Amino acid sequence: KQWYQRRVAITAGDGRTIRYPDPDCKVHDTIKLDIESGKILDHIKFEPGNLAYITGGQNCGRIGIITHKEKHPGSFDIVHVKDSVGHSFATRLSNVFPIGKGKQAWISLPRGKGVRLSIAEERDRKLAAKAKEM
């Protein structure tokens, strides 16, 4: 997002410039855009309690609720996220993308709902699937 004089435009991730956005939209928020009219229909604030998708780092592909954000002056800000199973993890602020208000997602979620299984859980799931086939 880029702010021009007195907050009159947003530059979106795909290069679009949206003139006169909602003044509640801040950096790192997600907007729902009507492509035909170019108007902002709704937005998701980057705040604790909202659903987020992790787009980079070791936790890439995971989905969870933002629990809190740590500010580290001179370094990367860290965001703590908790998935639906209860596992907590942390990642850089730039890797977090809000996808829903509260627990309600604006997009369809993948089969595993963005939960990463441990090695033992994944092994048990595969063995159960093989036993079911026989």
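The following dialogue works through how several features of this predicted model may be read.

Student: Which secondary-structure elements does the chain contain, and in what order do they run?

Tutor: The chain has one helix and 10 strands. Read from the N terminus, the order is β-β-β-β-β-β-β-β-β-β-α.

Student: How is the overall form of the chain to be judged: is it spread out or a compact globule?

Tutor: One sets the radius of gyration against the value that the globule rule gives for the chain length. Here the radius of gyration is 18 Å, well over the 14 Å given by the rule for 134 residues, so the chain is more spread out than a compact globule. The C-alpha trace spans about 65 × 40 × 25 Å along its principal axes.

Student: What share of the residues is buried, and how much of the accessible surface belongs to carbon and sulfur atoms?

Tutor: A residue counts as buried under 20% relative accessible area. Buried residues make up 26% of the 134 residues in this chain. The accessible surface comes to about 9400 Å², and carbon and sulfur atoms hold 52% of that surface.

Student: Which residues form the largest nonpolar core?

Tutor: A nonpolar core is a set of buried nonpolar residues joined through side-chain atoms. The largest one in this model has nine residues: F46, A52, I54, I66, V79, V81, F89, L93 and V96. Strands β5 and β7 (78-82) each supply at least two residues of this core. A second, separate core has five residues, among them I63, I65, I99 and A105.

Student: Which residues does F46 contact, leaving aside its neighbours within four places in sequence?

Tutor: F46 is in contact with the core residues I66, V79, L93 and V96. Its contacts also include H28, D29, K69 and P98.

Student: Where is N50 found, and is it buried or exposed?

Tutor: N50 is in the loop between β4 (39-44) and β5 (51-54). Its relative accessibility is 8%, so N50 counts as buried. Beyond residues up to four places away in sequence, N50 touches I44, K45, G64, I65, I66, G100, K101 and G102.

Student: Where do K126 and E122 lie, and how far apart are their closest N and O atoms?

Tutor: Both residues lie in helix α1 (residues 119-133), four residues apart, which is about one turn of the helix. K126 is partly exposed at 49% relative accessibility, as is E122 at 34%.

Student: With which residue does R123 form a salt bridge?

Tutor: R123 pairs with D124, and their closest N and O atoms are 3.1 Å apart. R123 counts as partly exposed at 48% relative accessibility, and D124 counts as partly exposed at 42%.

Key: Residues numbered from 1 in each chain as written. Predicted model: local features only at pLDDT ≥ 70, side-chain atom pairs only at ≥ 80, totals over all residues. Heavy atoms only, no water. Buried < 20%, exposed > 50% of the residue type's maximum accessible area, 1.4 Å probe, protein only. Contact = heavy atoms within 4.5 Å. Core = buried A, V, L, I, M, F, W, Y, C linked by side-chain atoms within 4.5 Å. Salt bridge = Lys/Arg side-chain N within 4 Å of Asp/Glu carboxyl O. Rg over C-alpha atoms; globule rule 2.2 N^0.38 Å. Areas by Shrake-Rupley, 256 points an atom, 1.4 Å probe, with all protein chains shown as cover.
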